[in-house]
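Here is a short tour of one protein structure. Keep the 3D view open and look up each residue as its name comes up.

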Amino acid sequence: MQIVETSNEGLKRAYALTIAANDIAAHVEGEVKKIAPQVRMPGFRPGKVPANLVRKMHGPALHQQALETSIREAMDKLVSEKGLRPATQPDVSLADGYEQGKDAELTINLEVLPDIAAPSTDGLKLERLTVEVSDEQVDEAIGRIAAGQKRFNDAPEGTVAADGDQIIIDFAGSVDGVAFDGGTASDQPLELGSGRFIPGFEEQLVGVKAGDERTITVTFPADYPAENLAGKDAQFACTVKSVQHAAEFTADDDFAKSLGLEGIDQLRGLIRGQMEQETAGLTRTAMKRSLLDQLAAGHDFAVPPSMVEAEFAQIWQQLTSEAAKEEDPAAALAEIEAEKDDYRKIAERRVRLGLLLSEIGQANGVQVTAQEMEMLMRQAAQQYREQDRQRFIDYIRSDALAAAQLRAPLYEDKVVDFLFDKAEVTDRSVTREELQAVIEADETGKPAEVKSEKAAPKKAAKKAKAEAPAEEAPAAEAAEAEAKPAKKAAPKKKAAEAADAADEAAPAEEAPAPKKKAPAKKKASDA
């Protein structure tokens, strides 16, 4: 095999390879010997078909297989002889006009990983921002759970319903005098002011008493799921069966037991533990952000453009998907379009940090153990149907790229933990809002204005989310695995936990027509 380097610019390489026809022919003979024992042909005993007839029957397929084998071997030799570390799958082109029996001339274009000197891990200084979970915050969380478990008692006769009260009603809906499917219900509970029914429905029932009959007119939203009702005016004849007041809530053992717990102390402990776990995650995120900032400031080396483009494409797909869900998708898209170059720089930073963390890990013996990899595979397999899970695990075990991509986030987290242990860490107590603002600082390092969590600027949050990323930055081991040919595509307790309690707190919305489209439920851990 002849290898000629035709281009060497930065991290880009190009080669011309010539594979001798004799080498390809030798592989054809090898394929013939391999399949001959299985070939069946009338007039011959099994396994006794002459080689020339096997070649005649399967010649094109055998030659194609031999050519592919020769190209793989040529690529392995190229990488070995030149000491290359491909960043992505090389682009291999066979010269036009190639025919069986001739030398195969290949053009190879690829990008290589940069040579990175093992960085020093000395002198790192980090600040650990901690948030104390107060008793008041635990009480507020329990109150939110209670709000979803609200209970109502019948009000005295003649009570006028107000916002916050629940009424039990029968109703029958019609459009232009014609009843429609789903527009009728009996003994339907409705909390006034909850916003569960379409706009205008609840407001027109404020002030009713048990026994009242009232016909109300509402307009279905233009985007209502039922097309036959969207944008239409409808009349609902309502009969009020009863008016109920919300029962006073007390955070006591009885309330905790209603959630399947032993008592209020257990509920408080679960809530506190969950909140502490969440704030610990934010603390780690802020520390990791600071660590990555220090590493990025101290290292500036060229990174493979194709890796940057792939990372940018992932960021951009996520941003455009989120923009499409905004109230004004066009404005949201225009906002991110105006900062497209910034996000491309963030993609470059993520790739550089991924390569740097990988280099640090390799230099210091950081590894993902076989047991950890097994756990990762089994966790990832849970997203598939039970009958497909073992197929997924077998695929990961057989495909180096898929395994490296699955391993990369855990590997990088272990490198980060290694650096945390090496760094000089000081602790500082802050509020939840201050910690959130640090995390949402934009890429210039200027923190977002300290506001409540809900009011945090969207722009800063988006950039922080795009930039924070060592979790998603490609590691060198994943990049090197990607350079190899992929084999095939992947097949596509008790109610004691506070998260479950919070989930159950949201009343099921079995909506007849007046209901708004039910939002997706969230667990407390999603808050």
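Asp187 is partly exposed, with a relative accessible area of 48%. This residue sits in strand β8. Keep in mind that the model is predicted. The backbone at Asp187 is worth a look: phi is near 50°, a positive value in a residue that is not glycine. Most residues other than glycine have a negative phi.

Asp176 also has a positive phi, about 55°, and is not a glycine either. Asp176 belongs to the loop between β7 (166-175) and β8. Is Asp176 buried or exposed? Its relative accessibility is 72%, so Asp176 counts as exposed.

**Aromatic rings**

Now turn to the rings. How many aromatic pairs does the structure hold? There are twelve. A pair of aromatic rings is described by the distance of the centres and the angle of the planes.

Take Phe201 and Phe236. Their ring centres are 5.3 Å apart and their planes stand at 75°, so this pair is edge-to-face. Phe201 lies in the loop between β8 (178-191) and β9 (213-219), while Phe236 lies in strand β10 (residues 233-246). The pair therefore ties together parts that are 35 residues apart in sequence. Both Phe201 and Phe236 are buried.

Phe312 and Trp316 make a stacked pair, with 5.6 Å from centre to centre and 25° between the planes. Both residues lie in helix α6 (residues 305-323). They are four residues apart, about one turn of the helix. Phe312 is buried, and Trp316 is buried too.

Some rings form a cluster. Ring pairs link Phe171, Phe180, Phe197, Phe201, Phe220, Tyr224 and Phe236. Phe201 and Phe236 from the edge-to-face pair are thus found again among the cluster members.

The table gives two cases.

| Charged residue | Ring | Distance to ring centre |
|---|---|---|
| Arg344 | Phe312 | 4.0 Å |
| Arg352 | Phe301 | 5.6 Å |

The charged end of Arg344 sits over the ring of Phe312. Arg352 lies over the face of Phe301.

**Two crossing helices**

Two packed helices are described by the angle between their axes and the distance between the axes. Look at helix α5 (residues 264-298) and helix α8 (residues 340-363): their axes come within 10 Å and cross at roughly 90°. The helices α5 and α8 are therefore roughly perpendicular to each other. Which residues of α5 and α8 make the contact? From α5 come Arg289, Leu292, Asp293, Leu295 and Ala296. From α8 come Arg349, Leu353, Leu356, Leu357 and Ile360. By class, the contact has seven nonpolar, three charged and no polar residues.

Thr69 is placed in helix α2 (residues 51-82). Its relative accessible area is 14%, and Thr69 is buried. Set aside the neighbours within four places in sequence, and Thr69 is in contact with His27 and Glu31.

Ala146 belongs to helix α3 (residues 135-148). Ala146 has a relative accessible area of 9% and is buried. Not counting residues up to four places away in sequence, Ala146 touches Phe249 and Phe255. How many residues separate Ala146 and Leu259 in sequence? The two are 113 residues apart in sequence, yet 10.0 Å apart in space, C-alpha to C-alpha.

Terms used. Residues are numbered from 1 along each chain as its sequence is written. This is a predicted model: local features need pLDDT of at least 70, side-chain atom pairs count only at pLDDT 80 or more; totals for chains, interfaces and linings use all residues. Side-chain values use heavy atoms; hydrogens and water are left out. Rings of Phe, Tyr and Trp (its six-membered ring) pair if their centres lie within 6.5 Å; planes under 30 degrees apart count as stacked, over 60 as edge-to-face and the rest as tilted. Helices (H or I, at least four residues) and strands (E, at least two) are DSSP runs, numbered from the N terminus. Buried means under 20% relative accessible area, exposed over 50%, partly exposed in between (1.4 Å probe, protein chains only). A charge sits over a ring if NZ of Lys or CZ of Arg is within 6 Å of the ring centre and within 35 degrees of the ring normal. Axes are lines fitted to C-alpha atoms, for helices over the stretch in contact, and angles run from 0 to 180 degrees between N-to-C directions. Angles under 35 degrees count as roughly parallel, over 145 as roughly antiparallel, 65 to 115 as roughly perpendicular and the rest as oblique. Contact means heavy atoms within 4.5 Å. Ala, Val, Leu, Ile, Met, Phe, Trp, Tyr, Cys and Pro count as nonpolar, Asp, Glu, Lys and Arg as charged, and the others, Gly among them, as polar.
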